Amino acid sequence: MQRGEEMGRSKTNGVYATGDGTFEVDARYKKQRIRKRGFESQAEATDYLIQRREEIRVSLQFLADPKKRVPVTLEDAATQLLKDKEGMPSAVTDAYMLEPLVAWNGSLTIDKLCDATLKDFIEDRRRAKWKNKTINNALECVRTILKRAVTKWQFPNGATWLPQAPSITMLPLTDQRPPRPITWAEQADLLKALPPYLAAMAEFDLNTGARRRVVCMLSWDWEVRLALRPGLEISVFVIPREFVKGRKSERLIVCNSAAQRIIDAQRGLHPQRVFVYPRRTRKGVPQVYVPVATMWSPAWVAARTAAGLGDLHVHDLRHTVGMRLRAAGISERTQNEILWHTQASSMTHHYAVAQLREIYDALELMNQQHDEGESLNLWALMRKMRMKALPQKSPSLKLVA
């Protein structure tokens with residue numbers, strides 16, 4: 001027996017015998033580890049080690065010589081990323097982000113991706129009125145592509161698509177619009193200005209904290225009638241995971257008394273959808289109701305302007321619910337359950353009735369009107385005060401304000 005076998009390991013070639021009579025390869029070459037077990041002879045293990053060393057050598061030579069490198073385009077890399085993520089919740093968002101990126105310059109090879117080359121794309125998205133946060137989402141897709149090109153995606157010869165990747169700098173979130181919760185008085189003005197069908201949706205949102213897409217898609221098939229207490233039966237909507245952000249689990253909407261009143265008023269208008277609007281019909285033709293596609297509409301813009309609410313977004317209704325829950329002293333755990341900020345139970349029907357009572361009571365308490373804890377748009381208030389303090393004949397100073 002050779003000395004290398006007697007010692008159990010050959011220091012010269014990385015092949016050593018194991019206790020069960022087979023041989024194992026465990027070696028490093030060009031900073032890469034080569035390891036495999038189960039060889040019946042030392043010669044077989046040695047041949048494998050030589051073969052892998054040659055593959056690594058050729059791979060590194062391939063990467064070092066630009067003439068031997070097959071360039072991969074951004075379009076091909078984007079296609080590969082979406083193929084990898086097929087069926088995952090993030091695939092839809094990534095596809096939305098990658099579409100303008102590929103349209104901008106899909107023929108650009110990924111080895112050219114860097115802050116300098118992406119500068120034109122960023123300017124293009126800014127012209128399209130994208131906020132920095134949305135642009136960052138697209139840049140995060142670029143980061144993912146580069147990371148996988150270095151660590152996962154390989155050519156037939158075993159070489160990865162890129163030897164290394166540059167760092168992509170994210171944009172500062174200096175242009176983010178701050179949340180704009182509304183007061184009870186502002187809520188009254190808004191609901192009065194909205195058309196009845198949209199006012200019902202907004203008030204439901206203000207009593208449940210649901211996202212606007214969920215409100216629009218709310219279906220009677222999702223409703224479960226539940227006896228919460230003796231003499232108190234409410235509606236609970238089980239939202240399928242495809243309508244939940246992240247799509248990891250179903251979530252619940254618990255109706256308080258105000259939300260229940262709105263839901264009951266919608267019954268019988270449409271066989272599937274809860275929130276609908278009356279379509280104009282000819283005189284003498286029965287009224288027809290059709291599902292609402294979105295709450296963000298010219299009617300919303302006109303109503304917020306009439307109510308003096310500036311650039312109020314539909315999503316600000318969720319911020320309002322969060323503010324009111326905090327003002328009512330609701331526990332953070334219950335707040336998170338209502339606003340879907342925590343990981344849901346893996347099985348929605350495992351919710352205890354006591355949990356649903358807690359959510360219902362929190363929403364009822366939140367709905368008690370009071371001024372304590374209400375939000376003020378301090379930025380707008382400060383700006384208005386500065387404008388009043390400026391000299392009337394100083395347009396340049398007004399511009400600065």
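This briefing walks through the structure shown above, topic by topic.

Welcome to a predicted model, in which local features need pLDDT of at least 70 and side-chain atom pairs count only at pLDDT 80 or more, while totals for chains, interfaces and linings use all residues. Residues are numbered from 1 along each chain as its sequence is written, and side-chain values use heavy atoms, with hydrogens and water left out. The protein has 401 residues, and its secondary structure comes to 16 helices and 8 strands. Helices (H or I, at least four residues) and strands (E, at least two) are DSSP runs, numbered from the N terminus.

**Confidence**

- The average pLDDT (the predictor's confidence in each residue, from 0 to 100) is 83 for the protein, and 83% of the residues score at least 70.
- Confidence is highest in helix α8 (residues 196-208), at a mean of 97, and lowest in helix α16 (residues 395-400), at 36.
- Two stretches stay under 50 in pLDDT: residues 1-12, with 14 contacts beyond four places in sequence in the model, and residues 392-401, with 11 such contacts. A contact here means heavy atoms within 4.5 Å.
- Where pLDDT is low, the predicted coordinates should not be read in detail.

**The protein as a whole**

- Of the residues, 40% count as buried. Buried means under 20% relative accessible area, exposed means over 50%, and partly exposed lies in between (1.4 Å probe, protein chains only).
- Among contacts with a separation of 6 or more, 59% join residues 24 or more positions apart.
- The accessible surface comes to about 23,500 Å², and carbon and sulfur atoms hold 53% of it. Such areas come from the Shrake-Rupley method with a 1.4 Å probe, and for residues only the protein chains shown count as cover.

**The sheet β1-β2-β3**

- Three strands form an open sheet in the order β1-β2-β3, with antiparallel pairing. Two strands pair if DSSP finds at least two bridges between them.
- β1 (15-17) and β3 (32-39) are the edge strands, each with a single partner, so one side of each has no neighbour in the sheet.
- Neighbouring strands in this sheet are turned by 15° against each other on average, direction ignored. Axes are lines fitted to C-alpha atoms, for helices over the stretch in contact, and angles run from 0 to 180 degrees between N-to-C directions.
- Strand β2 (residues 23-29) pairs with β3 over 6 bridges in the antiparallel sense, and F23 stands opposite F39 in β3.

**The sheet β4-β5-β6**

- Another open sheet has 3 strands in the order β4-β5-β6, again with antiparallel pairing.
- Its edges are β4 (223-229) and β6 (251-254), each pairing on one side only.
- Here neighbouring strands are turned by 35° against each other on average, direction ignored.
- β4 pairs with strand β5 (residues 232-239) over 6 antiparallel bridges, and R225 has S235 in β5 as its bridge partner.
- Helix α10 (residues 257-266) lies across β4 and β5, at about 80° to β5.
- α14 lies across β4, β5 and β6, running at about 90° to β4.

**Helix α3 and its packing**

- L74, A77, A78 and L81 are buried in helix α3 (residues 74-84).
- Seen down the axis of α3, the buried residues fall within an arc of 100°, so they line one face of the helix. That arc is taken from the directions from the helix axis to the C-beta atoms.
- These buried residues pack against α4 (90-105) and α6 (132-151).

**Residues to look up**

- R125 sits in helix α5 (residues 115-127) and counts as buried, because its relative accessibility is 14%. Leaving aside neighbours within four places in sequence, R125 is in contact with P100, W130 and I135.
- K129 is in the loop between α5 and α6 and counts as exposed at 73% relative accessibility. Phi of K129 is near 70°, a positive value in a residue other than glycine.
- W340 is in the loop between α13 (332-339) and α14 (353-366), and is buried at 13% relative accessible area. Phi of W340 is near 60°, also positive.
- Most residues other than glycine have a negative phi.
- Y277 belongs to strand β7 (residues 276-279) and is partly exposed, at 30%. Not counting residues up to four places away in sequence, Y277 touches Y197, V288, Y289, V290, P291 and V292. The C-alpha atoms of Y277 and P291 are separated by 6.5 Å, although these residues are 14 residues apart along the chain.
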